Amino acid sequence: MKLPELKIGHHVAKLPIMQGGMAIRISTAPLAAAVANEGGIGLIAVTGMSLEELREEIREARRRTKGIIGINCLFAAREFPSLVKTAIDEGIDLVVSGAGFSRDMFQWGKESGTPIVPIVSSARLARMAQKLGAAAVVVEGKEAGGHLGTDEPMKKILPEVVEAVTIPVIAAGGVIDGHDIVEVLKMGASGVQMGTRFAASEESAAAPEFKELYLRSNHDDVVLIDSPVGLPGRGLKNPFWHKLTDGVDVSPKNCVGCLKHCSRWFCIVDALDKAQKGDMETGLVFSGEHVERIKEILPVRQIIQNLLQEVEAY
C-alpha cells in the first residue's frame, strides 16, 4: 500500500501524517520541522507561549524546513485570539484547534487564506465545522492523550464523520504504528494525527525524565484526570497524579487567569510546564492510551521510516 498525499486547503503533504500539537512546549520548532522535512505536517503547540515566543518558534521552524508548519492552540486559553492571529500574521500554513470550538477562527482563516482545522469528536460538530469553512477536521477519540472531548473510541466516531462531511478527515487517538495508519485509512480517513509517538522522539522538547516515564509505563499506568479546564485529560500515573487522587491541596497560590474557565483545582499550565522540564514530583504528564507500545526514543526520521516499513509489511 502506498500512502496517499494529504491535501489541506492549498497545502499538499507528501505523507498523510500530522504530528500532534502537544503543550506545554513539547512540540516546538525542532519537532515540527523534523516531521515537515520528512513530508508530514509539523505542528507547534502554542498554548502557554507569549506572542514573542510564538513568533520566534514559527521563524525557527521556517529556518529548519520548507515543509508544512501549523500551530495547535487550545480554544480554552484566554489568549486564543491573539495567539491564532499572530500565527496567521507570521504566515503559518494552517491552524489546528481543540479543547472547545471557536466560530471566529473560521473568519480569520477566510480573511487570510489560512486553512482552519478544528478537532472534533462527533459528526454533528464536523458538519458544523465544514459549514463554517473548515479545510479539514481532526477526529479525536478517547484513546488520545491530553484533553478529551469524548469517551467514545476513535474507530466508532471516524466512520460517522467520514459519512457526514466532504472535507478531509484526519484520525487521531491511539495511532502508534503503520498498522494503525492502514486501518484508519481503510475506514475512510484522509490521514492521521500522531501525538504520543512523536512526544517520544529525540526532537521532542520533553525532558529525558518525561520520555523515560513513557518507556516505563504500561497500560495500567494510563489514567483519566479531571482537568481544571473542564474536560477530562488522559495522562500517566506519577507522584503528582498520586497527590491529586489522595486529595492533597495543589491549588495555585498565584493564579494569572490564563484560561477562560478554570476550576482552579490545580494549575494545568504550571503542571504541564513542570513535566516538560522534567519535574515528575509536581508535573503532569499527558499521554495517549497505547503508550506501552512505544519501546524506544528515536529520531523523527527513523520513526517515519519505521512507519512506512510497517505500512508496507501490513
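Domain bounds here come from an automatic or database domain assignment. The model itself is predicted. On that basis the protein is divided into two parts: domain 1 covers 6-205 + 295-313, and domain 2 covers 208-291. Domain 1 is therefore written as two stretches of the chain, by an assignment that is automatic or from a database.

**How the domains meet**

The centres of domain 1 and domain 2, taken over C-alpha atoms, lie 22 Å apart. Contact between them involves 30 residues of domain 1 and 26 residues of domain 2. Together the two domains bury about 2400 Å². Carbon and sulfur atoms account for 61% of that area. Which three residues of domain 1 supply more of its buried area than any other three? They are Ile24, Arg78 and His147, with 25% of the area that domain 1 buries against domain 2.

**Polar links across the interface**

Between domain 1 and domain 2 there are 2 salt bridges. Across the same interface, 12 residue pairs are in polar contact, with both residues at pLDDT 80 or more. Two elements of domain 1 each supply at least two residues of the side that touches domain 2: strand E9 (146-147) and helix H8 (196-199). What classes of residue make up this side of domain 1? It has 15 nonpolar, 7 polar and 8 charged residues.

**A sheet that includes E9**

Strand E9 also belongs to an open sheet. Its 3 strands follow the order E9-E13-E12, and the pairing is antiparallel. E9 and strand E12 (222-226) are the edge strands, each pairing on one side only. E9 is joined to strand E13 (residues 232-236) by 2 bridges. His147 has Gly233 in E13 as its bridge partner. His147 is also one of the three residues named above for buried area.

**Salt bridges**

How many salt bridges does the count come to? The total is 18. Two of the pairs are set out here.

| Pair | Closest N to O distance |
|---|---|
| Lys142 and Glu289 | 3.0 Å |

Key. Residues are numbered from 1 along each chain as its sequence is written. This is a predicted model: local features need pLDDT of at least 70, side-chain atom pairs count only at pLDDT 80 or more; totals for chains, interfaces and linings use all residues. Side-chain values use heavy atoms; hydrogens and water are left out. Contact means heavy atoms within 4.5 Å. Buried area is the accessible area (1.4 Å probe) that two parts lose on being put together, summed over both. A salt bridge is a side-chain nitrogen of Lys or Arg within 4 Å of a carboxyl oxygen of Asp or Glu. A polar contact is a pair of N or O atoms within 3.5 Å; within protein, one must be able to donate a hydrogen and the other to accept it, and residues adjacent in sequence count only if both atoms are side-chain atoms. Helices (H or I, at least four residues) and strands (E, at least two) are DSSP runs, numbered from the N terminus. Ala, Val, Leu, Ile, Met, Phe, Trp, Tyr, Cys and Pro count as nonpolar, Asp, Glu, Lys and Arg as charged, and the others, Gly among them, as polar. Two strands pair if DSSP finds at least two bridges between them.
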